[in-house]
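Hi there,

Here is the structure I promised to pass on to you. Have a look at it first, and then read on for what I found.

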Amino acid sequence: MSSATRPASAPPQGRAVGGGLQVSFEFFPPKTEQMAEQLWRAVERLEPLQPRFVSVTYGAGGSTRERTHQTVVRIRERSSLTPAAHLTCVGASRAEVDAVAGRYLAAGITHVVALRGDPPEGEGGFRPHPDGYRDAGELVAGLRALGDFEISVAAYPEIHPEAGSSRADLDNLKRKLGNGASRAITQFFFDPDVLLRFLDRARAAGIGVPIVPGILPVTNFAQLVRFSRQCGASVPAWLAHLFEGLDDDPETRKLVAATVAAEQCRRLLEAGIEEFHFYTLNRADLAYAICHILGLRAAPAEWLAERRAERARQRGRSA
Ligand SMILES: Cc1cc2nc3c(=O)[nH]c(=O)nc-3n(C[C@H](O)[C@H](O)[C@H](O)COP(=O)(O)OP(=O)(O)OC[C@H]3O[C@@H](n4cnc5c(N)ncnc54)[C@H](O)[C@@H]3O)c2cc1C
């Protein structure tokens with residue numbers, strides 16, 4: 001097709017995007033009033049994109065138990081969104097973790113992202129609580145025994161730093177899925193081929209559930225480099241080059257970040273991947289722009305109002 005006959009909505013290259021696209025957004029529980037306002041602005045801005053779900057993290061060392069709970073419940077009460085709660089095994093007995101999960105069920109929250117979790121800063125390696133779940137696989141089995149949860153787990157395209165081998169890491173993922181998880185969300189990565197190779201390995205190992213790529217739009221490159229070292233994600237030289245000289249130029253950094261992430265997603269879309277999980281860091285602008293580039297459009301205000309009303313009726317019925 002020549003450019004003269006290409007429909008106005010078609011992207012300049014590649015296939016048309018947006019059709020079957022599904023997204024989810026990850027937030028963290030706010031510490032202060034100001035941070036809470038920022039979070040709610042982000043939630044309201046992203047809500048019309050109709051994400052499949054939005055998730056709220058559980059602080060390292062299990063430090064945000066109450067704040068995570070409050071945030072998840074508020075999202076359910078105040079919006080049309082389906083919230084998912086991250087839950088970890090760190091620093092708590094099985095009975096304590098089960099009690100948190102029970103409170104979620106009672107509040108109508110049935111989607112949990114089940115994780116082993118990272119220890120509090122400065123504590124070195126993960127040490128399970130003497131009466132606690134020892135890893136995410138055990139937590140998944142515990143949740144499955146407790147109630148009818150939808151359970152997502154973590155996956156590592158570049159291998160978890162504590163895994164003995166890529167095979168052992170995949171076996172661990174299979175165990176989590178075998179114990180009752182139905183979706184994996186990946187650690188962030190930047191090279192689309194890294195994800196595609198991981199998906200090939202996972203499919204060859206017999207994993208058939210959705211493995212949703214975790215997309216991190218880069219806002220602070222220096223911080224990214226530190227964090228990537230800890231979690232085993234690689235930072236390609238081309239990415240460093242793109243952010244070179246932009247330390248004091250947040251506006252250009254944002255434009256570059258949106259371009260990089262949109263291009264990453266576009267290449268994955270071309271490879272047939274249609275679901276993405278965005279690490280938003282409680283900011284909507286980049287995630288919104290990337291989704292827009294990929295073809296997602298906000299639902300009309302009337303539709304959203306009707307959906308909110310329907311959600312309120314559902315809450316009323318289940319209360
Ligand atoms: C999408 C996503 C969301 C996250 N959200 C949070 C969050 O909210 N809060 C937080 O604190 N952290 C979070 N993390 C980080 C996560 O807690 C860490 O990566 C943690 O180190 C591992 O958690 P896991 O659930 O993957 O652990 P697991 O799946 O239990 O395993 C971690 C590693 O240990 C190995 N392993 C585990 N059990 C065994 C075993 N029995 N024998 C041999 N090897 C074993 C596995 O192979 C794997 O390499 C998140 C990560 C991702 C990808």
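Before we start, one term: a nonpolar core is a set of buried Ala, Val, Leu, Ile, Met, Phe, Trp, Tyr and Cys residues joined through C-beta atoms within 7 Å. Please also keep in mind that this is a predicted model.

With that term in hand, which residues of the largest nonpolar core touch the most other members? They are Val112, Ala114, Cys265, Ala287 and Ile290, out of 77 residues in that core. Helix α9, which covers residues 250-270, gives the most to this core, with seven residues. Ala287 has contacts with Phe25, Leu46, Pro217, Phe278 and Thr280, if we leave aside its neighbours within four places in sequence. As a general point, nonpolar side chains tend to be buried together in soluble globular proteins.

Now the overall picture. The protein has eleven helices and eight strands. Its radius of gyration is 20 Å, close to the 20 Å that the globule rule gives for 319 residues, so the protein is as compact as a globular protein of that length. Along the principal axes, the C-alpha atoms fill a box of roughly 65 × 50 × 45 Å. Buried residues account for 37% of the 319 residues. Among contacts between residues at least 6 apart in sequence, 81% join residues at least 24 apart.

How far can you trust the model? The average pLDDT of the protein is 92, and 94% of the residues score at least 70. Residues 1-17 are another matter: pLDDT stays under 50 there, and the model has eleven contacts beyond four places in sequence for this stretch. Where pLDDT is low, the predicted coordinates should not be read in detail.

Next, the ligand. Of the 24 residues around the ligand, Thr57, Arg116, Asp135, His160 and Ala163 come nearest. The elements that give two or more residues to this shell are β3 (83-88), β4 (111-115), α4 (136-146), α5 (166-178) and β6 (183-188). Which of them gives the largest share? That is α5, with four residues. Sorted by class, the shell has nine nonpolar, nine polar and six charged residues.

Two of these elements deserve a second look. In α4, the buried residues are Ala136, Gly137, Glu138, Leu139, Val140, Gly142 and Leu143. What covers them includes α3 (94-106), β4, β5 (150-155) and α5. In strand β3 you will find Thr88. Is Thr88 buried or exposed? Thr88 is buried, because 30 other C-beta atoms lie within 10 Å, and 20 or more count as buried. Not counting residues up to four places away in sequence, Thr88 touches Tyr58, Gly62, Leu115, Arg116 and Gly117. The C-alpha atoms of Thr88 and Asn172 are separated by 16 Å, and these residues are 84 apart along the chain.

Finally, a backbone detail. Most residues other than glycine have a negative phi. Ile159, in the loop between β5 and α5, has a positive phi, near 75°. Ile159 is partly exposed, with 17 other C-beta atoms within 10 Å. Asn282 also has a positive phi, of about 65°, although it is not a glycine. Asn282 lies in the loop between β8 (275-279) and α10 (285-294), and is partly exposed, with 18 other C-beta atoms within 10 Å.

Enjoy exploring!

Notes:
Residues numbered from 1 in each chain as written. Predicted model: local features only at pLDDT ≥ 70, side-chain atom pairs only at ≥ 80, totals over all residues. Near = placed C-beta within 6 Å. Nonpolar A, V, L, I, M, F, W, Y, C, P; charged D, E, K, R; others polar. pLDDT = per-residue confidence, 0-100. Contact = placed C-beta atoms within 7 Å. Rg over C-alpha atoms; globule rule 2.2 N^0.38 Å. Buried ≥ 20, exposed ≤ 12 C-beta atoms within 10 Å, placed from the backbone.
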